[in-house]
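Here's a model worth a quick walk-through before you load it into anything. Have a look at the sequence and the fold first, then read on.

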Amino acid sequence: MSRIPSLKSIQAFEAVARNMSFKAAADELCVTPTAISHQVKSLEEFLGVQLFHRLTRSLRLTAEGAVYAPLVIEAFEKLTEASEAIMGDDLEGVLTITTTGSFASNWLSPRLKGFTDRFPQIAVRIQSSDEVIDFKKDEIDVAIRYGHGEYDDLHAAWVLDDYVSPVCAPDHLSATPDLDELRNAQLIQYEWAGFSDDDPSWQRWFEHHGGCGAVSNPFVTYSEEHMCISAATNGHGVALVSLIAAAQDLEDERLVAPFDDRMKNKTYYLVCPKATANRAKIKAFQDWLLEEADKFRDSPVGLRFFEIETQ
């Protein structure tokens, strides 16, 4: 036991290494940044190595710290898993889910009653945010994240690939419009927080479909996808949006997708810490969510646009 540092100092290091911030670690552990700094310094003295490069405006693990951090983080995950295993795992309580505002409002919320009817003993809390929320700090059970599957440190389950395509009110364009008609239409664009040149835009859509030359500025740009969809259903223009987000309006024929072509965007994954992936309420939600995703792919919009590609 004399070769093991104090648990407090290891806990402080684990929180700093995970957050890459003394302040964030202090907030998580409900102590001061000075206390965290002292604990990490104590650990470094015990081990006889420096674990962090303390830069003016940032923090970086040393070579020794980079070796130590994943082992310590994994150890704390195992401790969490062991504690939960003997505390009981009833299929009840609060399930807190975070996902993007668009997915929450346009796809998840209209279907969520199916989950709550099946599991009335589970109270569901939805936190919609386009920012990545920390599981421990914000007491999140499950996230439905929009990305490229780079979740090696988490349990991850593929839910749905996303595609974008122009949508508009049924009488806004001709029955079989071409790119020239589309180029001259009133274009509506969605640009969320963190939108970049790699994300779907009208310029990229026309380039993807062989159009040449610069695209005139969109008629209007919104920061929320449901605003784009609302504008399109009201006949204000043609919106380039997620077919997942627009699916219900397409099925109800408030919108049409005049082009069968689609452009691949990112993918939705259910993710959670590996240590909690087998908890009853999380497994129940994952099974239900993947079942709903399968039903969606079998819907009229799903059969048209969401056939499963080779993963």
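## The overall picture

Keep in mind that this is a predicted model. The protein chain has 11 helices and 10 strands, and its C-alpha trace spans about 80 × 50 × 35 Å along the principal axes.

Of the 311 residues in the chain, 43% count as buried. If you take contacts between residues at least 6 apart in sequence, 75% of them join residues at least 24 apart.

H3 covers residues 33-47, and its 15 residues should span 21 Å at 1.5 Å a residue; the end C-alpha atoms are 21 Å apart, so the expectation and the model agree. Ile36, Val40, Leu43 and Glu44 are buried in H3. Looking down the helix axis, the buried residues fall within an arc of 100°, so they line one face of H3.

The largest nonpolar core holds 55 residues, and the ones touching the most other members are Leu108, Phe115, Val167, Phe285 and Leu289. Helix H10 (residues 280-297) gives the most to this core, with 7 residues. Zoom in on phenylalanine 115: setting aside residues up to four places away in sequence, it touches Leu95, Ile122, Val124, Ala284, Phe285 and Trp288.

There's also a second, separate core of 19 residues, which includes Phe13, Val16, Ala17 and Leu43. Leu43 is also one of the buried residues of H3. In soluble globular proteins, nonpolar side chains tend to be buried together.

## The largest pocket

How much space lies in the largest pocket? About 820 Å³. There are 26 lining residues, and the closest to the pocket centre are Arg18, Glu77, Phe135, Lys136 and Pro273.

Helices H1 (7-19) and H4 (63-87) each supply at least two residues of that lining. H4 gives the most, with 6 residues.

## Cavities

The structure holds 2 cavities of 30 Å³ or more.

The largest share, 4 residues, comes from H5.

The C-alpha atoms of alanine 275 and threonine 80 are separated by 6.8 Å, although the two are 195 residues apart along the chain.

Serine 201 sits in the loop between strand E7 (187-190) and helix H7 (202-208). At 11% relative accessibility, serine 201 counts as buried too. Which residues is serine 201 in contact with, leaving aside its neighbours within four places in sequence? They are Gln189, Phe195, Leu240 and Met263.

Terms used:
Residues numbered from 1 in each chain as written. Predicted model: local features only at pLDDT ≥ 70, side-chain atom pairs only at ≥ 80, totals over all residues. Heavy atoms only, no water. Expected span 1.5 Å × (residues − 1). Buried < 20%, exposed > 50% of the residue type's maximum accessible area, 1.4 Å probe, protein only. Arc of directions from axis to C-beta. Core = buried A, V, L, I, M, F, W, Y, C linked by side-chain atoms within 4.5 Å. Contact = heavy atoms within 4.5 Å. 1 Å grid on protein atoms, 1.4 Å probe; cavity = no way out; pocket = protein on both sides within 12 Å on 5 of 7 lines; lining within 4 Å. Points joined across faces, edges and corners; volume = space filled by probe spheres on them.
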